[in-house]
Amino acid sequence: DLDAIPPVAIAQLNISARIGNIPRILRFPNGAQFETDRNDLVDQILIRFALSKPNSILHRLESNLRLAALALAMLAGLSWLTIQFGVPLFAKYIAFSVSPETAALIGQGTLDVLDKSIFEPSELAESRQQRLQKRFKALVALQQDAYAYELLFRVGGKIGPNAFALPSGAVVMTDELVQLTHNDDELLTVLAHEIGHTQQRHGLRHVLQTSVMFLIVTALTGDVSQASGLVATLPTALIDAQYSQTFEREADNHALLTLRQLAIDPVHFKNLMLRIEKKYKDSGKLPAFLSSHPATEERVKLFDRMAAHRSEK
């Protein structure tokens with residue numbers, strides 16, 4: 001009630017700055033306040049008593065269409081830089097800060113969920129599994145890190161021929177992928193590639209990048225269900241990971257180095273990729289192992305170039 005407020009000098013009032021058409025607030029010394037949307041009148045009063053300029057800096061800026069467009073463009077540019085570079089760098093830093101014990105817990109928890117929802121026990125002959133395990137141990141012996149690598153076989157079901165690395169160092173390979181190969185060397189090239197993903201923590205980095213994007217969307221929209229939905233999809237995010245070209249190049253480079261140490265021809269990796277693509281491209285359901293960017297043809301060329309480059313050294 002303004003009638004209950006004793007008269008005061010206008011200079012004693014605290015008047016909020018003008019920003020667009022947001023109502024102005026006049027604050028009195030005793031704590032009372034008065035709100036009005038008659039911004040022009042408030043400006044006139046301030047000019048009349050020489051208390052301030054008619055418009056605040058913010059008001060002048062937001063009233064200038066060119067400056068507003070420039071600010072919008074800068075915001076869009078900053079957002080793109082954050083998503084393109086900031087989020088990946090943040091995810092990489094966090095991923096490499098995760099202890100081996102924590103990574104093992106994440107890997108085991110993920111495998112437990114997948115075993116209950118997607119996978120079935122392997123049906124491969126025990127002799128075939130033992131032979132591949134022996135080759136895998138020779139591959140692991142070349143690695144110089146603290147991961148407890150292990151090779152696991154599962155019936156892939158709806159994910160079909162596939163192989164992926166868990167944060168713990170476990171590499172899961174489906175029976176369907178084994179059945180598509182012509183020899184064990186083809187599988188060794190895949191395993192070397194997946195170990196490369198593990199060493200570079202691509203799985204964790206991919207999940208962390210996805211998590212940050214979900215959190216950004218949640219913050220902007222206020223939709224908490226986005227965050228809860230993310231938690232439920234983390235296990236499948238690891239097997240459906242669409243790795244970037246940088247991730248694939250890093251894993252391919254590691255595979256080539258390892259294959260060279262084992263005297264395995266890199267052509268086996270290329271042959272397997274092309275065979276799987278030929279089998280599944282007509283159905284439009286390429287396994288996640290091959291559906292990553294870059295496209296298979298481009299990756300094959302990249303693999304050939306990298307193999308040729310290493311052979312020249």
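A residue is called buried when its relative accessible area is under 20%, exposed when over 50%, and partly exposed in between, with a 1.4 Å probe and protein chains only. I shall need that definition throughout this presentation.

The structure is a predicted model, in which local features need pLDDT of at least 70 and side-chain atom pairs count only at pLDDT 80 or more, while totals for chains, interfaces and linings use all residues. Residues are numbered from 1 along each chain as its sequence is written, and side-chain values use heavy atoms, with hydrogens and water left out.

Let me begin with the chain as a whole. It has 13 helices and 7 strands; these are DSSP runs numbered from the N terminus, helices being H or I of at least four residues and strands E of at least two. Of its 313 residues, 40% count as buried. The accessible surface comes to about 17,900 Å², and 58% of that belongs to carbon and sulfur atoms; such areas come from the Shrake-Rupley method with a 1.4 Å probe, and for residues only the protein chains shown count as cover. If we take the contacts (heavy atoms within 4.5 Å) with a separation of 6 or more, 63% are between residues 24 or more positions apart.

I turn now to the sheet. Three strands form an open sheet in the order β1-β2-β3, with antiparallel pairing; two strands pair if DSSP finds at least two bridges between them. The edge strands, each pairing on one side only, are β1 (14–15) and β3 (33–36). Helix α1, residues 39–48, packs on this sheet and touches β1, β2 and β3. The direction of α1 makes about 45° with that of β2, where axes are lines fitted to C-alpha atoms, for helices over the stretch in contact, and angles run from 0 to 180 degrees between N-to-C directions.

Between β1 and β2 (residues 24–27) there are 2 bridges: Asn14 is partnered with Arg27, and Ile15 with Leu26. Between β2 and β3 there are 4 bridges. The hairpin of β2 and β3 has 5 residues between the strands, and in it Gly31 takes a positive phi near 100°.

My last topic is charge pairing. Side chains of opposite charge can pair when their charged atoms come close. A salt bridge here is a side-chain nitrogen of Lys or Arg within 4 Å of a carboxyl oxygen of Asp or Glu, and the whole structure holds 6 of them.

Which residue meets Arg154 in a salt bridge? The partner is Asp115, at 2.8 Å from N to O. Arg154 sits in strand β5 (residues 150–155) and Asp115 in helix α4 (residues 100–117), 39 residues apart. Arg154 counts as buried because its relative accessibility is 17%, whereas Asp115, at 30%, is partly exposed.

Two further pairs involve helices α5 and α7. Arg128 and Asp184 meet at 3.2 Å, N to O. Arg128 lies in α5 (residues 126–140) and Asp184 in α7 (residues 184–199), so this pair ties together parts 56 residues apart in sequence. Both Arg128 and Asp184 are buried. Asp185 forms a salt bridge with Arg135, the closest N and O atoms being 2.7 Å apart. Asp185 belongs to α7 and Arg135 to α5, so parts 50 residues apart in sequence are tied together. Finally, salt bridges that share partners join Arg128, Arg131 and Asp184 into one network.
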